[in-house]
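Please open the model in a viewer and keep the selection panel at hand.

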Amino acid sequence: MTASGKKPKAALQSGTIVASFGRQFTVELGDGVLVTCVTRGKRTDIACGDRVAIAMTAPDQGVIETTGPRVSLFYRSDIQREKLIAANVTQIVIVLAAPAFHQELLDRCLAAAGHEKIRALIALNKMDLASGAAALESLEPYRALGYDVLPLAAKIDIAPLRAQLAGHVSVLVGQSGMGKSTIINRLLPDAAARVGELSAAHGGGRHTTTHARLYHLDAASHIIDSPGLQEFGLHHLTPQDLEHAFIEFRPHIGHCKFNDCKHLSEPGCAIAAAVARGEINPQRVESYRKLITQFMRRPKLYD
Ligand SMILES: Nc1nc2c(ncn2[C@@H]2O[C@H](COP(=O)(O)OP(=O)(O)OP(=O)(O)O)[C@@H](O)[C@H]2O)c(=O)[nH]1
Ligand SMILES: [Mg+2]
Ligand SMILES: [Zn+2]
């Protein structure tokens with residue numbers, strides 16, 4: 001009790017979210033101690049990488065009281081809600097793999113990263129497979145746009161990727177089975193992130209990452225592993241955001257016949273003309289058109 005008769009408030013401790021399990025979080029304090037935390041109320045707007053202040057409720061348990069300012073937030077969204085992937089990252093590493101990858105998902109990840117002004121790196125993993133060269137070839141249009149494409153065989157040599165991670169807080173994103181957790185294990189042999197090897201020991205099932213987790217590479221470099229993505233909604237991007245997110249559209253924006261051209265099939269569309277001249281990759285326009293069509297189909301909140 002203090003002189004005023006109030007119970008003294010326990011001092012808050014600051015830390016970083018290093019694992020997010022939906023409603024429950026692991027917070028790492030400055031001295032490396034890990035604390036299992038819940039939130040007050042039903043807050044779900046907290047992600048791996050967020051800085052928080054917590055009140056301890058037991059020696060290894062606490063409650064998140066406040067969250068700190070963010071330098072970035074990488075997230076996807078469907079009609080109902082935002083799905084946070086990682087906070088305070090400075091680099092998105094989009095992990096693809098031979099023989100085939102989901103191009104629309106790649107376009108969406110690039111658009112989301114660009115919208116948040118976060119650097120994107122495309123890592124093409126499993127280059128040790130025979131199909132590697134063809135997969136790399138299919139990424140040539142992205143190189144031409146100025147995106148960094150890194151061929152990788154994480155199982156064999158992780159050094160080329162490690163060099164790209166220095167000084168960054170990176171998040172690995174991509175479809176399931178591309179090798180994100182394998183990358184973590186190669187970077188940090190003690191991490192023991194579970195990878196999707198088929199194993200008799202686990203009933204023949206595959207391990208898949210179910211929640212985001214942050215790992216430290218060194219004092220200045222950190223990396224977040226995230227669960228495989230099946231879809232990537234961009235409902236938080238307006239039509240204007242979307243056209244600008246496809247960076248090769250930018251020189252043509254404002255040159256269509258109609259001011260409100262959505263570049264679907266309107267006459268006099270400058271984007272369609274650029275496709276016809278071979279200046280824009282038609283598959284990129286397909287990705288854009290799916291997104292804009294989804295946006296336009298949304299129930300209108302007001303007219
Ligand atoms: N050939 C080859 N296989 C790899 C390589 N990297 C990872 N794999 C294999 O790909 C499979 C999936 O790897 P994971 O690391 O679990 O993939 P993930 O992206 O973490 O998957 P989710 O957690 O489900 O999102 C495993 O069988 C790995 O052994 C590689 O460089 N070459
Ligand atoms: Mg994984
Ligand atoms: Zn147009």
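Helices (H or I, at least four residues) and strands (E, at least two) are DSSP runs, numbered from the N terminus. The model is predicted, so that local features need pLDDT of at least 70 and side-chain atom pairs count only at pLDDT 80 or more, while totals for chains, interfaces and linings use all residues. Residues are numbered from 1 along each chain as its sequence is written, chains are lettered from A and ligands numbered from 1 in the order in which they are written, and side-chain values use heavy atoms, with hydrogens and water left out.

Next, display Leu234, His235, Leu242, Leu291, Gln294 and Phe295, the residues that line the largest cavity. On a 1 Å grid over the protein atoms alone, a cavity is a set of points where a 1.4 Å probe fits but cannot get out; a pocket is an open set with protein on both sides within 12 Å along at least five of seven lines; lining residues have an atom within 4 Å of a point. The space in this cavity is about 50 Å³, and a search of the whole structure finds one cavity of 30 Å³ or more. Grid points are joined across faces, edges and corners, and a volume is the space filled by probe spheres set on the points.

Now colour by domain: domain 1 (13-67), domain 2 (73-225) and domain 3 (239-297), with bounds from an automatic or database domain assignment. Between domain 2 and domain 3, the centres, taken over C-alpha atoms, are 28 Å apart. At their contact (heavy atoms within 4.5 Å), 11 residues of domain 2 meet 12 residues of domain 3.

Move to the largest pocket, with a volume of about 520 Å³. Of its 21 lining residues, Ser20, Gly22, Lys83, Leu84 and Ile85 are the closest to its centre. Strand 7 (residues 82-87) gives the most to this lining, with four residues. Domain 1 and domain 2 each supply at least three residues to it.

Finally, select the magnesium ion (ligand 2): which atoms coordinate it? They are Ser181 (OG) and Thr209 (OG1), at 2.0 to 2.1 Å. Donors are N, O and S atoms within 2.8 Å of the metal (3.2 Å for Na, K and Ca); water is not among the atoms, so sites may look incomplete. Ser181 lies in helix 5 (residues 180-187) and Thr209 in the loop between helix 5 and strand 12 (212-218), so the pair ties together parts 28 residues apart in sequence. Ser181 is buried (under 20% relative accessible area; exposed is over 50%, partly exposed in between; 1.4 Å probe, protein chains only), at 7%.
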